[in-house]
Amino acid sequence: MSTATGPAATDERTAADTKPAATAATGSASHGNAHVQLTGSGRPEDHVVAGRGTRPVAGRGKVVVRVEAAGVSFAEVQMLQHLHPFPPKFPFVPGYDLVGRVVETGEGVTGWQSGDRVAAMPRHGAWQEYVEVPAKALAAVPEHLDAAVAVSLITNGVTAYQMLHRLTALAPGSTVLVHGASGGVGTLLTQLAVHAGLRVIGTASPAKHDAVRALGAEPLDYRTPDLPAAVRESAPDGVDAVFDHIGGRGLDAGWAMLADGGTLVSFDSSVAGYRPGQWFRPHVPALRRTAARWIAAKLRLTRGRRQTMYYVKPGDDFRADLAALYRLVDEGVLRPEIAGRHPLTEAPAAVRALLDGTTVGKHVLIP
């Protein structure tokens, strides 16, 4: 069941959590640290394992953050199947993004202090109670914002925002296609596009079409046999942008949907059909197609169409765009869909729900 959290939602921290974090920082590193590990390739029920470890100590240039919420993303599904392009070595603590509070600062850290509420995108390591993070990778989080809402905007929100506003230049009235419009990125991208005055066609399974309509998009079954033809029926001249998380041959279909001068943005690759351990193979087709179409565009053989790849990364743009997303939530423009809030012990169920595609929006772990 999808549980949307509105902009007026308040943070659900306990009174103890609101005390100055310097108190927590005085604790010994021997204190326990609840965490979840991926132990190997396979089913989440077998290889997503909760346990306890040692609380980290802040090294030079780093801070220790007590995690309020950590995101569950498709990257964890890829890592679980050893199909992620940059896989850590098993066993490891996954978790792409987090929101929490600084409880300890290491030598040389400036600009942050104990008690600051922060966001980070460590790519793995967020699924634990305490995590050590480089101070330079932190971004500020408003005190009043619900932790689950805040974490849903870190990787997913910035991905959606930057693809729409930094990789494309679309005038109001333009038409875009958003694949996976009911997912963590897709729900946010759809809302941002509608807010920008764009017409959105969103692919999703039929069971989620009402949710896609509620976001302001026109739903289309992603399993339609001839998807480009179906898109052309509602957009005869093609669409001005396609945002694709499928990869492979899906990029050929996306290319066929583009209007002259349109942009195809590839931001992930499906791992369906690949054996666990083929860590880079699912991503090669997207790289190959992007390179070929880049060359063709340089030779002016594409009628102005272009294909590009997107990968979210920290930095000044990341911090600025995350702050913009938090403002849009406060203004009531953006309403992140929270598919579920789970304790760490329910991480296998959260990963299973994402793997099966049964929910709308973002799953979040609450240590």
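Buried here means under 20% relative accessible area. I looked up Ala193 with that cut-off in hand: its relative accessibility is 1%, so I put Ala193 down as buried. The model is a predicted one, and I kept that in mind for every entry below.

**Ala193 and its surroundings**

I found Ala193 in helix H5. Leaving aside neighbours within four places in sequence, I listed Leu164, Val176, Leu198 and Val200 as the contacts of Ala193. I also checked Tyr161, which is 32 residues from Ala193 in sequence; the C-alpha atoms of the two are 9.0 Å apart.

**Confidence and overall make-up**

I noted a mean pLDDT of 88 for the chain, with 87% of the residues at 70 or more. Over residues 1-30 the pLDDT stays under 50, and the model has 59 contacts beyond four places in sequence for this stretch. Where pLDDT is low, predicted coordinates should not be read in detail.

I counted 11 helices and 16 strands in the chain. Of the 367 residues, 53% are buried. Among contacts with a separation of 6 or more, 71% join residues 24 or more positions apart.

**Nonpolar cores**

I looked next at the largest nonpolar core and found 50 residues in it. Ile154, Phe243, Leu322 and Tyr326 have the most contacts inside this core. The elements giving two or more residues to it include helix H4 (147-165), helix H5 (184-195), strand S12 (239-244) and helix H10 (316-330). H4 gives the largest share, 12 residues. A second, separate core has 31 residues, among them Val93, Leu98, Leu138 and Ala347. In soluble globular proteins, nonpolar side chains tend to be buried together.

I took Phe243 for a separate check. Beyond four places in sequence, Phe243 touches several residues, including Met163, Leu164, Val176, Leu189, Val265 and Phe267. Leu164 and Val176 had already come up in my list for Ala193.

**Gln128**

I placed Gln128 in the loop between strand S6 (117-120) and strand S7 (130-134). Is Gln128 buried or exposed? Its relative accessibility is 12%, so I recorded Gln128 as buried. The side chain of Gln128 makes a polar contact with the side chain of Asn33 at 3.0 Å. That side chain also reaches the backbone oxygen of Gly125, at 2.7 Å. Not counting residues up to four places away in sequence, Gln128 touches Asn33, Ala34, His35, Val67, Val93, Leu344 and Pro367. One of these, Val93, belongs to the second core.

**Aromatic rings**

I found 1 aromatic pair in the structure. The ring centres of Phe90 and Phe92 are 5.5 Å apart and the planes are at 25 degrees, so I logged the pair as stacked. Phe92 has a relative accessible area of 7% and is buried. I also noted Arg55 over the face of Tyr130, at 4.6 Å from the ring centre.

**Pro314**

My last entry is Pro314, in the loop between strand S14 (306-309) and H10. At 40% relative accessibility, Pro314 counts as partly exposed. Apart from neighbours within four places in sequence, Pro314 is in contact with Met121 and Arg123. Pro122 is 192 residues from Pro314 in sequence, and their C-alpha atoms are 9.2 Å apart.

Note on methods. Residues numbered from 1 in each chain as written. Predicted model: local features only at pLDDT ≥ 70, side-chain atom pairs only at ≥ 80, totals over all residues. Heavy atoms only, no water. Helix = DSSP H or I, 4+ residues; strand = E, 2+ residues; numbered from the N terminus. Buried < 20%, exposed > 50% of the residue type's maximum accessible area, 1.4 Å probe, protein only. Polar contact = N/O pair within 3.5 Å; in protein donor to acceptor, adjacent residues only side chain to side chain. Contact = heavy atoms within 4.5 Å. pLDDT = per-residue confidence, 0-100. Phe/Tyr/Trp six-rings, centres within 6.5 Å; stacked < 30°, edge-to-face > 60°. Lys NZ or Arg CZ within 6 Å of the ring centre and 35° of its normal. Core = buried A, V, L, I, M, F, W, Y, C linked by side-chain atoms within 4.5 Å.
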